[in-house]
Amino acid sequence: MTELVIRPLTAGETPLFVSLPDPGIVGRAVLGDTYGMIADGGQYRPEWTWVALRDGIVVARAAWWAKPGDERPIALDWFDFTDAEAAVQLLRAAPFHAEYSLLLPPGWREKADVRAAAEARMSAAEAAGLRKLVERYRYTWTSDCPLPERTGRLEYRPEPDDNVIRSVVRRIQEGSLDAHDLHDIAEYGRDGAVEELLNILTWMPSPRDWWRVAYTPAGEMAGFHVPARNPSGPCIGFIGVLPEQRGHGYAYDLLVECTQDLVARGATRIAAATDQGNFPMAAHFATAGYPVSEERIDFVRPPDGS
C-alpha cells in the first residue's frame, strides 16, 4: 500500500481539504456549514487543519477550531474519511486533544447510511484514544413555533457581582445531571469547573448584564439563567436550578424566561441543547415547544491521556 502522508494544510489549500468525497450526511454538513480558512472569511486555521494523503489524494481530514485569541484548539469540528485506518493515524499524529462533537440528524439510528457513517466515525475516534462522554439533543426554536408563556412563579434580578455568580454556579453544579459539568469537576475540581463555564459565558458576544438570578416570591434564590448570543446567533446560554429548589419544575420557568428575553431582543431563532439522559430538561424543552433539530455525540480524551 502506498505510504500515508499526514500533515497540516498551508495557506490556500482549502480546495485540497474539500476534495475528500463525502456525502455530507453527518458532521458539520448537517448544519449546512462549509469549511473555510480565516484568511478567506472562514473559521479555521491552516495549521489546525490536517489531512492524510495517499498518492496525493485526501483519504482523511480533520479541522480543529478555537475562539479568536486562543493558543490551542478547543473543538474538533471536522472529521471525515474514506480510509478508517488513515483517520485513526491522523488523530493520533495531530498534537491536539480537543473535544470532538459528532453532529447527526434527528433519528439517525433509523437511517442505515447515516448510522453507518456515524458508527464509522465513532469507532475511529475511540480507536484514536477518545472516549464517548454523552449524547445530546440540539434544539432550534423559531418564530414559527409557539412562544411559551411566562409562569409568573419566579422573580428575575440582575447580579453584577461575579463572585455571587460563581457561588450560584458552584451550587448548581452540585448533583448536576450534565455530563460536561461532571467531566469538568473531575478534571479541574469544583472551582475550576465553575471557571470553565464562566469562561464560555463571558466569551459569548452578548452582554453580561443579560444574566439573571431567579428568586421565589419569598425571596429565596432559585436558579440562574443566561439568555445569550454565540457567533451563530441567539441561544440558551445556561439554565440551572439550585439543589434545594429542585423538584418544583423551575427549570421550565427559567427556560421560558430565557426564551422571552431573547425574543424581546429580536430573536427569531434560538439554539439550545441538553443531554439526552437529562430527562427532566428534555421534557421541559418539549413542553416549551422546542423541536429537536440535531443530535450530537461528544467525545473527550481521558484526563490521563490514555
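Visitor: How many nonpolar, polar and charged residues are in the lining of the largest cavity?
Guide: Seven nonpolar, one polar and one charged. Ala, Val, Leu, Ile, Met, Phe, Trp, Tyr, Cys and Pro count as nonpolar, Asp, Glu, Lys and Arg as charged, and the others, Gly among them, as polar. This is a predicted model, where local features need pLDDT of at least 70 and side-chain atom pairs pLDDT 80 or more, while totals for chains, interfaces and linings use all residues. Residues are numbered from 1 along each chain as its sequence is written, and side-chain values use heavy atoms, without hydrogens or water.

Visitor: Which residues line that largest cavity?
Guide: W64, L76, L91, F96, H97, A98, Y100, L130 and R301. A cavity is a set of points on a 1 Å grid over the protein atoms alone where a 1.4 Å probe fits but cannot get out, and lining residues have an atom within 4 Å of a point.

Visitor: What volume is in it, and how many cavities does the count come to?
Guide: The largest cavity holds about 60 Å³, and the count comes to two cavities of 30 Å³ or more. Grid points are joined across faces, edges and corners, and a volume is the space filled by probe spheres set on the points.

Visitor: Switching to rings. How many aromatic pairs are there?
Guide: A search of the whole structure finds 15. Rings of Phe, Tyr and Trp (its six-membered ring) pair if their centres lie within 6.5 Å; planes under 30 degrees apart count as stacked, over 60 as edge-to-face and the rest as tilted. F17 and Y35 form a tilted pair, 4.1 Å centre to centre with 35° between the planes.

Visitor: Are F17 and Y35 buried or exposed?
Guide: Both F17 and Y35 are buried, meaning under 20% relative accessible area, with exposed over 50% and partly exposed in between (1.4 Å probe, protein chains only).

Visitor: What about F17 and W78?
Guide: Their ring centres are 6.2 Å apart and the planes are at 85°, so that pair is edge-to-face. Ring pairs link F17, Y35, Y44 and W78 into a cluster.

Visitor: Last one: how many residues of α6 are buried?
Guide: 13 of the 15, so α6 is largely enclosed by the rest of the structure. Helices are DSSP runs (H or I, at least four residues), numbered from the N terminus. Just after α6, G266 takes a positive phi of about 100°.

Methods:
Helices (H or I, at least four residues) and strands (E, at least two) are DSSP runs, numbered from the N terminus. On a 1 Å grid over the protein atoms alone, a cavity is a set of points where a 1.4 Å probe fits but cannot get out, and a pocket is an open set with protein on both sides within 12 Å along at least five of seven lines; lining residues have an atom within 4 Å of a point.
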